Amino acid sequence: MSAVLPRSETTPAAPPGWGRGGATSLRVGIATVWLSIIVLLPLAAILWQSTNGGWDAFRDAVTANAALTSLRVTLTIAAGVTVVNTVFGLMVAWVLTRDEFIGKRLVNSVIDLPFALPTIVASLVMLALYGPASPVDIHLQHTRWGVGVALLFVTLPFVVRSVQPVLLELDRETEEAAASLGANNLTIFTRVVLPALLPALLSGAGLAFSRAIGEFGSVVLIGGAVPGETEVASQWIRTLIENDDRTGAAAVSIVLLVISFLVLLVLRVIGSRAAKREEQTA
């Protein structure tokens with residue numbers, strides 16, 4: 001009878017890094033390095049650029065009248081666009097998920113068009129439709145309404161694509177049970193559907209807002225960068241760069257980054273809490 005050797009003598013040891021823990025560490029390391037190269041290093045570079053002239057130069061750049069005006073215009077329009085697209089983006093996602101109609105696949109593909117379309121082309125489209133030669137006799141060039149319409153166009157997909165997968169996965173039996181108990185459509189939506197959609201809806205709204213405050217290409221022609229009226233922060237940053245004020249441009253960029261980060265963070269925290277409450281009540 002042949003002797004049974006210990007496992008350590010019959011099975012070669014796994015190379016370091018090939019076990020479950022090692023593979024996880026390797027993946028985390030690669031992801032961290034890639035994130036650092038693509039995101040963190042550029043952010044660190046612009047932060048360093050913004051502090052080249054010291055704190056006083058940073059403060060002067062972000063509190064200048066033109067900077068504050070452009071930030072106010074940007075945040076006002078972006079907030080309005082986010083609210084509108086949150087409502088109508090949810091409606092579009094609902095129609096694409098729950099309703100059947102001719103051309104549904106075409107509409108579903110068109111939703112992604114702003115993702116693929118160069119933003120300057122979007123501005124040309126808006127100028128052709130709402131410019132001086134408007135075929136619908138609506139003239140929005142050099143107005144805040146024109147900037148808002150352009151931003152609505154480029155930010156709509158963020159809300160739709162954030163909400164759509166959640167709608168597809170919702171348990172329809174819960175809605176049917178609520179209906180069988182006498183709940184009307186509004187009650188079913190507000191008490192059953194909306195709580196489940198809230199995290200995704202807030203996430204999409206945050207992404208739409210962040211895109212809106214940093215958008216440049218789609219508003220450059222329709223907006224016209226009228227100081228105090230349609231000049232958004234990204235256009236003011238470009239003006240600073242053209243005037244060789246890179247420190248000022250970096251400082252205003254940092255303000256936009258901080259605002260965007262805080263809005264995304266707050267909305268995700270609210271969404272996470274809403275998701276936890278939904279799990280506890282489920």
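**Aromatic pairs, nonpolar cores and a buried arginine**

Trp55 and Phe58 both lie in helix α3 (residues 54–63), three residues apart, or about one turn of the helix. Helices (H or I, at least four residues) and strands (E, at least two) are DSSP runs, numbered from the N terminus. The structure is a predicted model, in which local features need pLDDT of at least 70 and side-chain atom pairs count only at pLDDT 80 or more, whereas totals for chains, interfaces and linings use all residues. Residues are numbered from 1 along each chain as its sequence is written, and side-chain values use heavy atoms, with hydrogens and water left out.

A search of the whole structure finds three aromatic pairs; rings of Phe, Tyr and Trp (its six-membered ring) pair if their centres lie within 6.5 Å, and planes under 30 degrees apart count as stacked, over 60 as edge-to-face and the rest as tilted. One of these, Trp55 with Phe58, is stacked, at 5.6 Å centre to centre and 20° between the planes. Trp55 counts as exposed, at 59% relative accessibility, while Phe58 counts as buried at 15% (buried means under 20% relative accessible area, exposed over 50%, partly exposed in between, with a 1.4 Å probe and protein chains only). Phe115 and Phe158 form an edge-to-face pair, with 5.1 Å between centres and 85° between the planes. Because Phe115 lies in helix α6 (residues 113–116) and Phe158 in helix α8, this pair ties together parts that are 43 residues apart in sequence. Phe115 is partly exposed, with a relative accessible area of 41%, and Phe158 is buried, at 17%.

The largest nonpolar core has 18 residues, of which Ile77, Val147, Leu151 and Val219 touch the most other members. Such a core is a set of buried Ala, Val, Leu, Ile, Met, Phe, Trp, Tyr and Cys residues joined through side-chain atoms within 4.5 Å. At least two residues of this core come from each of α4 (65–98), α7 (119–130), α8 (144–169) and α10 (185–214). Apart from it lies another core, of 16 residues, including Leu90, Ala93, Val159 and Val163.

Arg98 is placed in helix α4 and is buried, with a relative accessible area of 17%. Leaving aside neighbours within four places in sequence, Arg98 is in contact (heavy atoms within 4.5 Å) with Leu167, Leu170, Arg172 and Glu175. Arg98 also lies over the face of Trp94, at 4.5 Å from the ring centre; a charge sits over a ring if NZ of Lys or CZ of Arg is within 6 Å of the ring centre and within 35 degrees of the ring normal.
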